[in-house]
Amino acid sequence: MIEQLREAVCGLHAELVRYNLVAWTAGNVSGRVPGEDLFVIKPSGVSYDDLTPASMVVCDLEGNVVDGAHAPSSDTAAHAYVYRHMPEVGGVVHTHSTYASAWAARGESIPCVLTAMADEFGGEIPIGPFALIGGDDIGKGIVKVLSGHRSPAVLMQNHGVFTIGASAKAAVKAAVMCEDVARTVHVSRQLGEPLPIRQDDVDRLYDRYQNVYGQRSSR
Ligand SMILES: [Zn+2]
């Protein structure tokens, strides 16, 4: 089980590169080991080209290394805090993707002005507090904003994006979609004021996308 997750989490890091969400060694993906108080996360400071399943680090939910030759990502405390407080979460992703981080730098949530946003995020993508790396402050901010929120993404002020999902893959998808809509809404803003979508239409779009759309067996 852990070996499979090492492979999956390692492979998902390539998606961050493929979608142009990360520079140098910034960004990280983690996945919770199903049924265990453990998660697999990227090692700290290793370049994306050099990541291997064996270099992934297994941590407990306090962020202590259980298995791995490398130090875990410097964002491990934030991932651990999320897993401790949101048991439904199976994956966490962090990036400094350009457009989403530009919204974060302004401390502004992304308004729901695209049907794709209503589908994926169920409304706006919220802004979280300014928090310094190291302790539990980032994790606390993520959990406070995303608990009970439809959005799987939060823009941490002056920092970047954290996303959650039922799996590491779902959290990566949320990070990709977050950057995509952040870019489009930004471009729209340059042309004028984007039109909001009525709340009942947002609700209908979200419900349809989450419950009806796509191949249900693959969700
Ligand atoms: Zn960061």
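Me: What radius of gyration would a compact globule with 219 residues have, and what does the protein have?
Reply: The rule for a compact globule puts it near 17 Å, and the protein has 17 Å, which agrees. The radius of gyration is taken over C-alpha atoms, and the globule rule is 2.2 Å times the number of residues to the power 0.38.

Me: Ok, and what kind of model is it, and how are residues numbered?
Reply: It's a predicted model: local features need pLDDT of at least 70, side-chain atom pairs count only at pLDDT 80 or more, and totals for chains, interfaces and linings use all residues. Residues are numbered from 1 along each chain as its sequence is written.

Me: What box do the C-alpha atoms fill?
Reply: Roughly 50 × 35 × 30 Å, taken along the principal axes.

Me: How many helices and strands are there?
Reply: Seven helices and eight strands. Helices (H or I, at least four residues) and strands (E, at least two) are DSSP runs, numbered from the N terminus.

Me: How much of the protein counts as buried?
Reply: 42% of the 219 residues. A residue is buried if 20 or more other C-beta atoms lie within 10 Å of its own, exposed if 12 or fewer, and partly exposed in between; the C-beta atoms are placed from the backbone.

Me: And what share of contacts join residues at least 24 apart?
Reply: 63%, counting contacts between residues at least 6 apart in sequence. Two residues are in contact if their C-beta atoms, placed from the backbone, lie within 7 Å.

Me: Switching topic, what span does helix H6 reach?
Reply: H6 covers residues 168-191, so to speak 24 residues, and reaches 35 Å from its first C-alpha to its last, close to the 34 Å expected at 1.5 Å a residue. The expected span is 1.5 Å times one less than the number of residues in the helix.

Me: Which residues in H6 are buried?
Reply: Among them are Ala-171, Val-172, Ala-175, Val-176, Cys-178 and Glu-179.

Me: At what angle do H1 and H6 pack?
Reply: About 10°, with the axes of H6 and H1 (residues 2-18) 10 Å apart. That makes H1 roughly parallel to H6. Axes are lines fitted to C-alpha atoms, for helices over the stretch in contact, and angles run from 0 to 180 degrees between N-to-C directions. Angles under 35 degrees count as roughly parallel, over 145 as roughly antiparallel, 65 to 115 as roughly perpendicular and the rest as oblique.

Me: Which residues meet there?
Reply: From H1 it's Ala-8, Val-9, Leu-12 and Glu-15, and they meet Ala-168, Lys-169 and Val-172 in H6.

Me: How many residues of H5 are buried?
Reply: Seven of the 10 residues in H5 (residues 137-146), so this helix is mostly covered. Ile-138, Ile-142 and Leu-146 are among the buried ones. The cover includes H2, strand E6 (127-128), E7 and E8.

Me: Now Ser-73, is that buried or exposed?
Reply: Ser-73 is buried, because 24 other C-beta atoms lie within 10 Å. You'll find Ser-73 in the loop between strand E4 (65-67) and helix H2 (76-85).

Me: What does Ser-73 contact?
Reply: Leaving aside neighbours within four places in sequence, Ser-73 is in contact with Asn-28, Ile-41, Lys-42, Pro-43 and Ser-44.

Me: What about Trp-24, where does that lie?
Reply: Trp-24 lies in the loop between H1 and strand E1 (28-32). Trp-24 counts as exposed because it has 9 C-beta neighbours inside 10 Å. Phi of Trp-24 is near 55°, a positive value in a residue other than glycine.

Me: And where is Asn-158?
Reply: In the loop between strand E7 (153-156) and strand E8 (160-165). Asn-158 has 13 C-beta neighbours inside 10 Å, so it counts as partly exposed.

Me: Last one: which domain does UniProt place at residues 7-186?
Reply: An unreviewed UniProt entry puts "Class II aldolase/adducin N-terminal" there. UniProt positions are given in the numbering used here, feature names are shortened, and annotations may be inferred rather than shown by experiment. The span is 37% helix and 18% strand.
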